[in-house]
Amino acid sequence: MLVDMLMLLCGEAMAPLLGRLYYNSGGNSTWMATLAQSAGSPLLLIPLLILTPRPAAGGEHRPAVSKAKMAAICVGLGLIIGCDNLMYSYAMLYLPVSTFSLVAATQLAFNAVTSRLINAQRFTALTFNSVVVLTFSAALLGVGASSASGDDDGTSGSSSSSGGSKRALGFVMTLSASAVYALILSLFEVTFDKVVRTRTLWWVLTMQVYTHAVASVVSVAALFVSGEWSKIPAEAAAFKHGRAAYVATLVGIAVGWQAAALGAVRLVARVSSLFANVAGTVALPLVPVFAVAMFGDRMTGIKVLAMLMAVWGFLSYVYQHYLDERHADEWKRRSPADCRMCAERADEKPCPAPAGSCASSGLRRLNI
């Protein structure tokens, strides 16, 4: 899990910064930026081929799943991922990276809703507190972005000259992309639980490769249909740091987003979509700080306050998980004598529950 969290944090810290560098250095193809977010999936073919079970042992690693159903799921998820990547590309074009990263943190609040509706996640007071705090944090950033529309905040020249309308569009795009990303993680979790019925690394890599391959095909098709492909050679030649830097930037974006996506899906498979989003929020304070150093973003008082509110929301989630783990450990340590109903009935007849089961069902018994 530490490796998965490290991939997620490094990817989410690196990819937005390189995306901002792409736009600031002369890149302006939104479909190329969209393609870069999913084009790194072929890198996962190497571990996937190594982990592919031999035919004799296929039943151990590959449960009986309908190929047609899995193909439909991968195509559907891939199309949603492609649309989500496009919204993120426009958001990066119209917003400074610090504002983008902080507004994108609302995916945690959206994921609380999708986890409840799709994955039957328990919704507590601390969870509700996180949702409210993160929502107000995003709203505060929206107000700050509109009031500072004339600032030099690291966005590309085209977006800076377009005024508040482009910033408002970037804000809406980021919120929409965050909501869709939360939905994607919940759909991955329900796929592992209801369809695949296993959470092995092989299945994680398989889902990752196929869904992102579909998203890449959609992006490539759109790149050619829109005509942006013909502008790529000129864009690379005019790139501020040269052709090699142009290619290296796109490769870095692809590797960063793929590492973040793989870490997130692995955490979904290991724990839940909600936990994956919580872990990703740890990168929140890192990106704006790096953006100030790299692109001259202005860390205004509103951004600092919004960042603190977002961290507060994240800590609420962490504390809720701590309480859940502690509560689970307490019930595991309970003996049958700790069950009040069993103790009351001890003189009458033996407890009807199987031996040692009070530790796992005691909560239900005490609530009768």
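Buried means under 20% relative accessible area, exposed means over 50%, and partly exposed lies in between, using a 1.4 Å probe and protein chains only. Keep that scale in mind, starting with Val 190, which counts as partly exposed because its relative accessibility is 21%. The model is predicted, so local features need pLDDT of at least 70 and side-chain atom pairs count only at pLDDT 80 or more, while totals for chains, interfaces and linings use all residues. Residues are numbered from 1 along each chain as its sequence is written, and side-chain values use heavy atoms, with hydrogens and water left out.

**Figure 1. The whole chain is built with 18 helices and zero strands.** Helices (H or I, at least four residues) and strands (E, at least two) are DSSP runs, numbered from the N terminus. Of the 368 residues in the chain, 50% count as buried. Contact means heavy atoms within 4.5 Å. Take the contacts between residues at least 6 apart in sequence: 84% of them join residues at least 24 apart.

**Figure 2. Helix H2 meets helix H13.** Two packed helices are described by the angle between their axes and the distance between the axes. Here H2 (residues 30–38) and H13 (residues 243–270) pack at about 45°, and their axes are 6 Å apart. The axes are lines fitted to C-alpha atoms, for helices over the stretch in contact, and angles run from 0 to 180 degrees between N-to-C directions. H2 and H13 are therefore oblique to each other. For the cut-offs, angles under 35 degrees count as roughly parallel, over 145 as roughly antiparallel, 65 to 115 as roughly perpendicular, and the rest as oblique. From H2, the contact uses Met 32, Ala 36, Gln 37 and Ser 38, while H13 brings Tyr 246, Leu 250, Ile 253, Ala 254, Trp 257 and Gln 258. Sorted by type, the residues of this contact are seven nonpolar, three polar and no charged. In this sorting, Ala, Val, Leu, Ile, Met, Phe, Trp, Tyr, Cys and Pro count as nonpolar, Asp, Glu, Lys and Arg as charged, and the others, Gly among them, as polar.

**Figure 3. Helix H2 is mostly covered.** Nine of the nine residues of H2 are buried, including Trp 31, Thr 34 and Leu 35. The buried residues of H2 pack against H1, H5 (67–94), H11, H12 (232–237) and H13. Look for Ser 219, whose place is in helix H11 (residues 201–225). Ser 219 counts as buried, at 0% relative accessibility. Leaving out residues up to four places away in sequence, Ser 219 touches Trp 31, Thr 34 and Leu 35.

**Figure 4. Helix H14 is largely enclosed by the rest of the structure.** This description holds because nine of the nine residues of H14 (residues 273–281) are buried. Among them are Ser 273, Phe 275 and Asn 277. The buried residues of H14 pack against H1 (2–24), H7 (107–119), H10 (164–196), H13 and H16 (301–333).

**Figure 5. Val 190 sits in helix H10.** Not counting residues up to four places away in sequence, Val 190 touches Ile 118, Asn 119 and Val 195. The C-alpha atoms of Val 190 and Ser 273 are separated by 9.4 Å, although these residues are 83 residues apart along the chain. Leu 117 and Ser 186 are 69 residues apart in sequence, and 9.3 Å apart in space from C-alpha to C-alpha.

**Figure 6. Arg 197 lies in the loop between H10 and H11.** The phi of Arg 197 is near 60°, a positive value in a residue other than glycine. At 65% relative accessibility, Arg 197 counts as exposed.

**Figure 7. Phe 224 and Trp 229 form a stacked aromatic pair.** A pair of aromatic rings is described by the distance of the centres and the angle of the planes. For this pair the values are 5.5 Å centre to centre and 25° between the planes. Rings of Phe, Tyr and Trp (its six-membered ring) pair if their centres lie within 6.5 Å; planes under 30 degrees apart count as stacked, over 60 as edge-to-face and the rest as tilted. Phe 224 is partly exposed at 48% relative accessibility, and Trp 229 is partly exposed at 44%.
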